[in-house]
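Hello,

The structure we spoke about is below, and my notes on it follow.

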Amino acid sequence: MSVKRLTGGYTITAGGRTQPLKLTTTRAGYGVRYWYCCPCCGRRCAVLYVTHQQVACRQCCGLHYASQSESTQERMMRSVYRRRLALWGRFEPLSVLGLLPMSPYLFMKPPRMHWQTFEARRGEVMDYERRFWKVEKAILTRLFTNHDGAR
Ligand SMILES: [Zn+2]
């Protein structure tokens, strides 16, 4: 799977298929919140799922039921955004949202913050993100297993 940045948007390639990936925004307390537009149905969504066939929202991937672990994952994902935004402010949407491809190690220390403060706060963000990835991994494992079983 790969993601490419173009002027005005992104494209995402999974399973040999390239789809445009649009982002949309809503107003939020701290400024602007970014969302994905599902490449399949165009709905606004916080999380995109990657299967063998497509990249799409939960509904389009056929996960109509809301399980406990999925709502936990979405709640944790929102908390990851909040924590990253609280420490770093605004930055590249793809680094904050959904795929979280960038490690917090790659983000710079905000100007005028002491290194000790920064490292302590980054450590807290990273501990939380490690817990998030555990939940995420369990969901993705189940998702791939379901799809393999059905086809
Ligand atoms: Zn969709």
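Which residues does Val55 touch, not counting residues up to four places away in sequence? They are Ile12, Ala14, Gln19, Pro39, Leu48 and Val50, where contact requires C-beta atoms, placed from the backbone, within 7 Å.

Two remarks on the source. This is a predicted model: local features need pLDDT of at least 70 and side-chain atom pairs count only at pLDDT 80 or more, while totals for chains, interfaces and linings use all residues. Residues are numbered from 1 along each chain as its sequence is written.

The protein chain has three helices and seven strands (DSSP runs numbered from the N terminus, with H or I of at least four residues for helices and E of at least two for strands). From the N terminus, the order is β-β-β-β-β-β-β-α-α-α.

Of the 151 residues, 11% count as buried; a buried residue has 20 or more other C-beta atoms within 10 Å of its own, an exposed one 12 or fewer, and a partly exposed one a count in between, with C-beta atoms placed from the backbone. Val55 belongs to the largest nonpolar core, which has 11 residues, including Ile12 and Leu48 (a core is a set of buried Ala, Val, Leu, Ile, Met, Phe, Trp, Tyr and Cys residues joined through C-beta atoms within 7 Å).

Strand S3 (residues 17-28) has one buried residue among its 12. S3 pairs with S4 in the antiparallel sense over seven bridges (DSSP must find at least two for a pair), and Thr26 stands opposite Arg33 in S4. Tyr34 also lies in S4 (residues 31-37). Tyr34 is partly exposed because 18 other C-beta atoms lie within 10 Å.

Regards

Methods
Contact = placed C-beta atoms within 7 Å.
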